[in-house]
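Subject: Structure handover

Hello,

Here is the structure I promised to pass on. Please open it alongside this email.

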Amino acid sequence: MSELEVKKVIALMSGTSCDSIDAGLCEVYPDMSVKLIRGINFPYPEHVRAKIFQIFRGEASVKDICQMNFVIGKCFADACKILIEEYGKPDLISSHGQTVYHYPYDEKIDDISMKSTLQIGESSVIAQETGCMVVSNFREADIAQGGQGAPLVCFADEKWWGKGISRQCHSEFDSVNVSAPHPASLSNGARECNRNYAIQNIGGISNVTVVSKDFDTFGFDTGLGNIMIDYCAQKYFSKPYDKDGDIASEGVICESWLECLLQDEYYFVEPPKSTGREYFNPQYIENSLKYAPKDPKDIIATATALTAKTIADAYERFIYPNVGIHEAVICGGGAYNKTLMKFLRKFLPSYIELKTCEDYGISNNFKEVMAFALLGYCTYYGIPNNLPCCTGAKKRVVMGKITY
Ligand SMILES: Nc1ncnc2c1ncn2[C@@H]1O[C@H](COP(=O)(O)OP(=O)(O)O)[C@@H](O)[C@H]1O
Ligand SMILES: [Mg+2]
C-alpha cells in the first residue's frame with residue numbers, strides 16, 4: 001500500500017431530493033480531513049430531471065433506465081468540467097450516482113436472498129469526458145457483505161466529529177500509515193472531544209450519525225426529510241420547495257393528522273435501517289393526504305413537523321437508551337428551513353444544543369459532497385470505508401469501483 005498523500009478530488013452528489021447535482025472540488029488529507037475549495041449546485045436539465053422523477057414513479061421502462069444511466073453520466077461530466085475549467089484536473093472524481101432504487105430488504109428469489117440498490121450515472125462517460133479516474137458505485141460492496149449499503153456518510157462523520165480513529169478501525173488505519181488522530185481543519189477546530197454528537201442530515205430522506213466518546217459510531221435513516229414537504233409545496237403552491245419554511249410558518253400543525261402519520265411502521269423498526277423514495281413514494285403521500293387538514297399551509301406545517309418529530313422520536317427510541325447527546329448538528333438542505341429548525345428545537349430535549357454544519361465552517365449544502373470526497377479517497381488507497389455498525393454489513397470492506 002502506497003503512503004497516503006494529499007489528493008484533489010471532485011466529488012459529485014445528487015440525493016433523493018434530486019434538486020441539483022452538488023459538485024465540489026476538495027482537498028483530502030492523509031489524516032482524513034477534507035477542505036472544500038469550491039462547490040457548485042449544477043441543475044439537472046429540465047427534461048432529464050422530469051425523466052428521473054418518471055423513474056421514481058415506476059413509470060419508466062428498462063430502455064429509459066438504460067438511456068438515463070448514460071445521460072446522467074454526461075450531466076455529471078458537465079458539472080465536473082465547470083470545476084476543471086477553473087481549477088484544472090483533479091487526481092480523481094468521486095461520484096455517488098443518482099439513486100433510482102434502494103431496496104434494503106432480503107427477498108428470496110429461488111434460494112437467493114439479496115438486498116439491492118441502484119445508482120446510475122455511467123462512470124465511463126465521466127472518465128472519458130474528463131480524462132480523470134472515477135470512483136463510483138459505493139454501496140454495492142457493503143450490500144454484498146449483507147449490509148444495507150446505507151447510510152455511508154457516517155464514516156466521514158466519525159472521522160470529523162469523533163475519535164478520528166475508532167476502536168473498530170484502528171488497526172486497519174495503522175497499517176496504511178494514517179497517524180494523525182483527528183482533522184481539526186474541517187471543523188475549524190471548534191469540535192470538543194468530550195461531547196456526544198448527533199450529526200443529522202436532512203435531505204430528501206433524513207439520516208443521523210451518532211458520534212460519541214464512549215460508544216462506537218452508529219447511524220441510520222430516521223425517515224422522511226424534505227420529500228413530503230417538497231411534494232406538497234409543488235402540489236399546492238407550484239413551488240419546488242418551501243423556501244426558508246415560510247409557508248409552514250403561516251400554517252398550524254394539525255395534531256391529529258400528525259399523530260396518525262407518526263404511526264408508520266418504518267419509525268418503529270430497529271436500526272440498522274435505511275429508506276428512500278420507494279417507501280415514501282407519491283402513493284404513500286397521496287394516501288396520507290386523504291386525512292389532511294383543508295388549508296394547504298396547515299398541510300405543509302404538519303409535514304414539516306412530521307420530519308422534526310420523527311427525528312426527535314428516533315433519538316428517544318434508538319439513541320438515548322445507548323448514549324446521551326450533547327449536541328445535534330443539522331446539515332443538508334433542511335437546515336435552511338427555519339420552521340423545521342424551530343420545530344426541532346421544540347421537540348428535542350432542551351439540554352441538547354442545536355447547531356448546523358455552518359457553525360463548524362462547513363456548508364450545509366456541501367457536507368455530503370465532502371464526505372464522498374473522503375470515501376473516494378479511501379477507495380483509491382484501498383482503505384475500508386464502510387461502518388458495519390451503521391449499515392449492518394458483516395465486515396469492513398473497501399466500497400467503490402474504479403474506472404480509468
Ligand atoms: N432555503 C431553503 N429553505 C427550505 N428548504 C430548503 C432550502 N434549501 C434547500 N431546502 C430543502 O433541501 C432539499 C435539498 O436538500 P439536499 O440536502 O440537497 O437533499 P438531497 O441530498 O436529498 O439532494 C430541497 O429539496 C429543499 O426541500
Ligand atoms: Mg441535493
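This is a predicted model: local features need pLDDT of at least 70, side-chain atom pairs count only at pLDDT 80 or more; totals for chains, interfaces and linings use all residues.

The protein divides into domain 1 (7-179 + 366-403) and domain 2 (197-360). Their centres, taken over C-alpha atoms, are 23 Å apart. Domain 1 puts 28 residues into the contact, and domain 2 puts in 33 residues.

Together the two domains bury about 2,400 Å². Carbon and sulfur atoms account for 55% of that area.

What holds for charged and polar pairs across this interface? The rule finds 0 salt bridges between domain 1 and domain 2. It does find 11 residue pairs in polar contact, both residues at pLDDT 80 or more.

On the domain 1 side, the elements that give two or more residues are α1 (46-56), β4, α5 (154-161), α13 (367-381) and α14 (388-391). β4 gives the most, with 5 residues. By type, the domain 1 side splits into 14 nonpolar, 7 polar and 7 charged residues.

Pro90 sits in the loop between α2 (62-87) and β4 (92-109). Pro90 counts as buried because its relative accessibility is 7%, and the cut-off for buried is under 20%. Leaving out residues up to four places away in sequence, Pro90 touches Lys8, Val9, Ile10, Leu25, Ile84 and Cys132. Cys26 is 64 residues from Pro90 in sequence. In space, their C-alpha atoms are 8.9 Å apart.

Helix α3 covers residues 123-130. Its buried residues are Ser123, Val125, Ile126, Ala127 and Thr130. They pack against β1 (7-14), α2, β4, β6 (134-136) and β12 (401-403).

Look at both ends of α3 too. At the start, a side-chain oxygen of Glu122 comes to within 3.2 Å of the backbone nitrogen of Ser124. After the helix comes Gly131, with a positive phi near 75°.

**Backbone exceptions**

Most residues other than glycine have a negative phi, and most peptide bonds are trans.

- Cys18 is not a glycine, yet its phi is positive, about 60°. Cys18 lies in the loop between β1 and β2 (21-28). At 0% relative accessibility, Cys18 is buried.
- Met32 has a positive phi as well, near 80°, and is a residue other than glycine. Met32 is in the loop between β2 and β3 (34-42). Its relative accessible area is 2%, so Met32 is buried.
- Ala150 and Pro151 are joined by a cis peptide bond, with omega about -10°. Pro151 is in the loop between α4 (139-144) and α5.
- Pro271 and Pro272 are also joined by a cis peptide bond, with omega about 0°. Pro272 falls in the loop between α9 (255-261) and α10 (282-289).

Start with Ser206. This residue is in strand β8 (residues 205-211). Is Ser206 buried or exposed? Ser206 is buried, because its relative accessible area is 0%.

A polar atom of the Ser206 side chain lies 3.1 Å from the backbone oxygen of Leu224. Setting aside neighbours within four places in sequence, Ser206 is in contact with several residues, including Phe220, Asp221, Thr222, Gly223, Leu224 and Gly225. Gln200, Asn201, Thr307 and Ile311 are among its contacts too.

Then there is Ile285, in helix α10. Ile285 counts as buried, because its relative accessibility is 1%. Which residues does Ile285 touch, not counting those up to four places away in sequence? They are Ile227, Met228 and Tyr231. Ala314 is 29 residues from Ile285 along the chain, and 21 Å separate their C-alpha atoms.

Best wishes

Notes. Residues are numbered from 1 along each chain as its sequence is written. Chains are lettered from A and ligands numbered from 1 in the order in which they are written. Side-chain values use heavy atoms; hydrogens and water are left out. Helices (H or I, at least four residues) and strands (E, at least two) are DSSP runs, numbered from the N terminus. Buried means under 20% relative accessible area, exposed over 50%, partly exposed in between (1.4 Å probe, protein chains only). Contact means heavy atoms within 4.5 Å. Domain bounds come from an automatic or database domain assignment. Buried area is the accessible area (1.4 Å probe) that two parts lose on being put together, summed over both. A salt bridge is a side-chain nitrogen of Lys or Arg within 4 Å of a carboxyl oxygen of Asp or Glu. A polar contact is a pair of N or O atoms within 3.5 Å; within protein, one must be able to donate a hydrogen and the other to accept it, and residues adjacent in sequence count only if both atoms are side-chain atoms. Ala, Val, Leu, Ile, Met, Phe, Trp, Tyr, Cys and Pro count as nonpolar, Asp, Glu, Lys and Arg as charged, and the others, Gly among them, as polar.
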